[in-house]
Amino acid sequence: MAKSMRRLKGRADKNPLIYFCPTPPQEAFLKDKSKIKLLLGGNQVGKTMAQCAELLHRCLGTHPYLKTDPPPITAFLITHSHMQSVTIQEKLYEMTPKESFHPDCEFVPGKGFRGIHPIVRFNNGSIIHIKTANQGLGLASATISYVGIDEPVNQFIWGELVARVLRGGAGGSTGTIGITMTPVGQDVEYLQKLVEAGQVSCHKAPLTVEATTPKFCDPIIKQEQIDRITATYLPIDREARIHGDWNVGIPEGRIFDCFTDDMISSAPAPKGNYQFAIGIDHGSTPNSQVAILAAVEMSDPQNPWIYILDEYVSGAAPPEAHARAILEMCKRNHIQPAACRWTGDNIHYGKANNSGKMSNSLLMRAFENIMRFPSGNLPWRIRTIRKPRYSVYYGAAMIHSIQARKQFFISPKCERLILSLQRWTMKRNQSARSKDEWGHCIDALRYCVVPIIDYKHITPAHKIRMY
């Protein structure tokens with residue numbers, strides 16, 4: 001028995017692809033003959049594994065369900081970010097029969113396939129080019145037999161990729177596009193319309209026990225785990241992340257539904273490794289100039305605890321008035337201003353004559369005047385917050401997740417922020433958001449804590465360039 005087990009293990013290590021047992025949604029995706037097919041599912045349902053299996057079977061000519069183009073072929077794998085790319089490359093390497101790699105193809109654990117632009121080469125001549133969407137990498141002008149897209153891409157990139165597979169198949173036929181994604185993070189309304197028009201074949205993969213159980217295997221996830229995961233997601237995209245439902249519109253409704261009265265506490269925070277932060281949202285209307293003071297316990301950066309200590313809420317006033325009030329807030333909480341990380345909003349211009357103008361630089365000059373520092377010698381700097389697309393949702397989701405873990409507490413002194421957490425809703429457009437009386441405190445809260453708890457976040461800044 002021991003010899004048989006070792007022999008089976010050796011065969012699995014040598015060729016893990018033949019031991020891949022798909023779940024029902026994965027099998028439906030792999031069997032689909034359509035030229036454009038989509039596996040639309042929640043998080044953690046095995047979408048990426050299905051994409052890797054499809055890529056490898058096509059490159060090696062071993063597809064168990066379809067008659068595909070004979071190798072060698074050229075395939076592209078499009079990922080969202082570098083971190084996601086490394087994760088997918090590791091899964092791709094683990095699933096690949098090791099003897100099928102070309103001798104020049106080298107994989108480095110934790111980094112991926114070697115090369116500035118990662119390329120997976122096989123002995124039969126097939127090649128997989130791995131491209132990262134947010135690093136601005138150009139795609140070579142080539143015909144492609146198969147394009148694998150993991151997670152949503154914007155409409156411009158989609159159009160270019162469709163053009164690349166127009167004559168990428170055998171004998172000049174059309175190539176194939178396979179998409180595996182959860183419909184969040186990008187505007188995917190264009191893709192929904194293609195599915196509704198019948199131009200894209202769609203398979204749903206919900207996060208359920210049945211849909212995540214491989215054929216001939218026992219369940220790998222329990223309903224209790226699914227319920228716990230579900231509770232951590234924001235209400236606005238819970239159905240998208242669990243069931244893969246299209247998330248085109250943003251429903252009106254309370255966002256921080258995990259914020260409860262037992263999180264309002266005047267008890268002192270326990271001892272720990274704290275980072276102090278102040279977030280500032282500028283405004284000239286009543287209750288729109290807001291500063292939030294917080295302490296974030298970061299002993300475990302992957303599991304932070306947030307303690308909101310105090311707030312300052314005002315309207316239009318001279319910069320010196322705001323600066324004195326914020327310094328007083330720090331003083332009554334026994335925190336040195338220079339010990340805080342300061343993050344503020346973009347410039348607010350106020351009325352047409354700029355009478356309500358407020359900015360981070362004006363506040364810094366006011367602090368210098370009050371504290372008698374020479375110009376440019378303030379011991380701290382108010383950084384301007386970066387606002388990439390979906391930053392409101394992203395920051396709210398991180399705070400909501402911490403609240404769901406019961407690791408968020410707020411002082412009763414923060415009356416306006418407490419009301420905001422209880423009443424704030426996600427608006428559909430910028431005009432509606434600017435008129436929301438509860439959004440200013442939420443913005444200041446995001447500016448305060450997100451730069452600390454999301455210390456590894458890199459803002460996507462570029463699109464893929466096509467040549």
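Over the ring of which residue does the charged end of Lys37 sit? The charged end of Lys37 lies over the ring of Phe29, 4.9 Å from its centre; such a placement requires NZ of Lys or CZ of Arg within 6 Å of the ring centre and within 35 degrees of the ring normal. Likewise, Lys98 has its charged end over the ring of Tyr93, 4.9 Å from the centre.

The model is predicted, so local features need pLDDT of at least 70 and side-chain atom pairs count only at pLDDT 80 or more, while totals for chains, interfaces and linings use all residues. Residues are numbered from 1 along each chain as its sequence is written, and side-chain values use heavy atoms, with hydrogens and water left out.

Rings of Phe, Tyr and Trp (its six-membered ring) pair if their centres lie within 6.5 Å; planes under 30 degrees apart count as stacked, over 60 as edge-to-face and the rest as tilted. By this rule there are 15 aromatic pairs. One of them joins Phe259 and Phe408 edge-to-face, at 6.2 Å centre to centre and 85° between the planes. This pair links distant parts of the chain, 149 residues apart: Phe259 lies in the loop between helix H8 (238-243) and strand S11 (274-281), and Phe408 in strand S16 (residues 408-410). Helices (H or I, at least four residues) and strands (E, at least two) are DSSP runs, numbered from the N terminus. Phe259 counts as buried because its relative accessibility is 4%, and Phe408 is buried at 0%; buried means under 20% relative accessible area, exposed over 50%, partly exposed in between (1.4 Å probe, protein chains only).

Tyr93 also belongs to an aromatic cluster with Phe101, Phe107, Phe113 and Phe122.
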